[in-house]
Each structure stands twice: as C-alpha cells, then as structure tokens.
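Me: Hi! I have a structure I would like to talk through with you, a few questions at a time. Shall we have a look?

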Amino acid sequence: MSKPPLVSVIIPTYNRVHTIATAVDSVFRQTYQNFELIIIDDASTDDTHSVVQKYRDPRLSYFDKPNGGPSSARNYGVARASGEWVMYLDSDDELLPAAIATMVSWLKRNPEAVFAIPRADRRLELYEDGKMVTSVDDSGDTPSTFTIGDIFMRNAGFSCNAFMHLRRLASEGLRWDEELASMEDWELMMTIGEKYPHGFLYVPVVLYKYRQRFGSDNIVSRGGYQTWADAFEYIYQKHQHDTLLKGQTWYPSRVEKWTRFQKEFEAGKRPAFKYHYFPDSSPDR
C-alpha cells in the first residue's frame, strides 16, 4: 500500500494571540495525520509566538517574517513546504476533524484535479467593544454544487480555508497576488483555473468553520466599501482576457455598487461598512 501524500497546512497569522490556538488545535485533531503545519507570523507585535512555542509536535514549523500581508505570508509558507499538496487555514478559523482526510480522499478519486475547495460552516458576526452582538448563519452561500465557471462568475461565496492545490503550481508562477488587499483567494483560483480549466474539484462537504467578524480584527471586515470596489476593479483588469471570464456580469456593476456605497457613506447616507450585513444593528438606523 502506498504511503498517503504529505499535506502541508499553512497558517498565516498577525496579532492573533487570542485565536491562533484554536486554529492550530484543529489541525492536530485531524483524523489524517500525514501533514506538516507551517505557521508564518507576519511580524506580530503581540504574544503569538509564545502561544505557538508551547506546541512540541515536530511536524510544526514556525517562521517569523517582516510584515507583508497574508498573501506574502502564504507565498513564504509555500516556498518552505514539502508536501505534495498545500492546504490553507486562516488563524481565526478552524478545520473540522475530517477535513484533510476528506479532501485527500476526493482528490485521489479525481486524479485530474490540481486544486479543490470544500463547503463551509459559515457565519457573519458583528462585534462592538470586543463583544459579539449579532451572529447570522451564512452557510447557504456555499452551495451543494459549484463549478469552475461559478468561480469566474462569482456565483457564490468561498474562502481560502481548506483550499488545497498541488505545491508544484507555485513553481509554475501560480502564486498569491501580494498587491491585493482582499479577495486574493478568488484571484488565485482564477489564475489556476485559467491554466487548468479541468483541474478544479469542488468537495460538497462542510469541512471548516468560517467566521467573518465585522468590527473585530478580521482583515476583510476591517476594510471598507472602497476596498471592495478596488479589489473588483483590480481583479477584472488582471483577468479581463481570460477565456473563462467571457460572459461575466459582475463587472463593472460591482465596482459601481461599492463605489456608490462609499460615496453614500462619506455623505452620511449609509452606515459604516461593518454594519452592511447587519442593517438593524447600525446606530444610523
């Protein structure tokens, strides 16, 4: 019997002393044990290092680097990975126990696949003064069926958590775009998908817990309407000639929508970005 493939799990982190242990523990609880865990600390100023150094498992490697953002940290981690497959996990989320085993099993049954994503237990949470005041189940945004076309058309939500790809793709120049402040996972999937249109695999199984914490330290939730407008614009300009993007309907409509929202916010006609998905909680309503 052949040895199961080594999976390199990469966790980028920055000032996540309060959540990093949950993420790390979720990796060590995996039913699939042939993995290495690579934690890339993007120049944290809190006590993240002290939390990580308490783990004595030889499969864990910890690297501290100058601050460059999550995409920079992920690229840094991939360059130091040894696994056939790379899997990602954000330091404020967690894998379910069968995540790696399930993904590897599906990939084995689909040998043409070069990258894959699963479904999520997804919640949107609103925080005020460090306390959660509202939580909304958004799991329906990860559907039971999903295709490479849905990625390019942006027909549903997804994230980098439990996202897997062959490590060799990095040597082909398919890397995280370090210029993007958000939606960098979407952009990388488009980059891989354009080169390998038949290499995408969707695993319709819930394999991780994702929490979008608005008003907290979550990178996306700390952004704003203009951040999203800029990301859509950047990604379109980069991929506008992709074959799989033909027929898309999100550009320029989403750029225009988020830009309009930013102007309305600046004019005092729209609440702050963190209240966008929780209108009843906005102090302006």
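This is a predicted model: local features need pLDDT of at least 70, side-chain atom pairs count only at pLDDT 80 or more; totals for chains, interfaces and linings use all residues.

Me: Which residues of α9 are buried, and around what arc do they lie?

Reply: The buried residues of α9 are V255, W258, F261 and Q262. They lie on the same side of α9, because the arc they cover around the axis is only 130 degrees.

Me: Let's turn to the rings. How many aromatic pairs does a search of the whole structure find, and what kind of pair do F28 and F35 form?

Reply: The search of the whole structure gives 28 aromatic pairs. In one of them, F28 and F35 have their centres 5.9 Å apart. Their planes are 50 degrees apart, so the angle falls between the cut-offs of 30 and 60 degrees, and the pair is tilted.

Me: Are F28 and F35 buried or exposed?

Reply: The cut-off for buried is under 20% relative accessible area. F28 has 18% and F35 has 2%, so F28 and F35 are both buried.

Me: Which residue lies over the face of F35, and which charged end sits over the ring of F63?

Reply: Over the face of F35, at 4.3 Å from the ring centre, lies R59. For F63, the distance from the ring centre is 5.8 Å, and the charged end over the ring belongs to R80.

Me: What kind of aromatic pair do Y236 and W250 form, and how many residues apart are they?

Reply: Y236 and W250 are 6.0 Å apart centre to centre, and with 85 degrees between the planes the pair is edge-to-face. Y236 has a relative accessible area of 17% and W250 one of 1%, so Y236 and W250 are buried. Y236 is in helix α8 and W250 in the loop between α8 and α9, and this pair links distant parts of the chain, 14 residues apart.

Me: Which rings are linked into a cluster?

Reply: Ring pairs do the linking here. The members of the cluster are F214, Y225, W228, W258, F261, F265, F273, Y277 and F278.

Me: How many of the residues in α7 are buried, and what do they pack against?

Reply: α7 is mostly covered, with 10 of its 12 residues buried; W186 and L188 are among them. Their packing partners are α3, β6, α5, β8, α6 and α8.

Me: Last one! In what sense does β9 pair with β5 and run with β6, and which residue of β9 stands opposite E94 and D121?

Reply: β5 and β9 pair in the antiparallel sense over two bridges, whereas β6 and β9 run parallel and are joined by 11 bridges. E94 stands opposite K209, and D121 also stands opposite K209.

Definitions and conventions. Residues are numbered from 1 along each chain as its sequence is written. Side-chain values use heavy atoms; hydrogens and water are left out. Rings of Phe, Tyr and Trp (its six-membered ring) pair if their centres lie within 6.5 Å; planes under 30 degrees apart count as stacked, over 60 as edge-to-face and the rest as tilted. Buried means under 20% relative accessible area, exposed over 50%, partly exposed in between (1.4 Å probe, protein chains only). Helices (H or I, at least four residues) and strands (E, at least two) are DSSP runs, numbered from the N terminus. A charge sits over a ring if NZ of Lys or CZ of Arg is within 6 Å of the ring centre and within 35 degrees of the ring normal. Contact means heavy atoms within 4.5 Å. Two strands pair if DSSP finds at least two bridges between them. The arc is that of the directions from the helix axis to the C-beta atoms.
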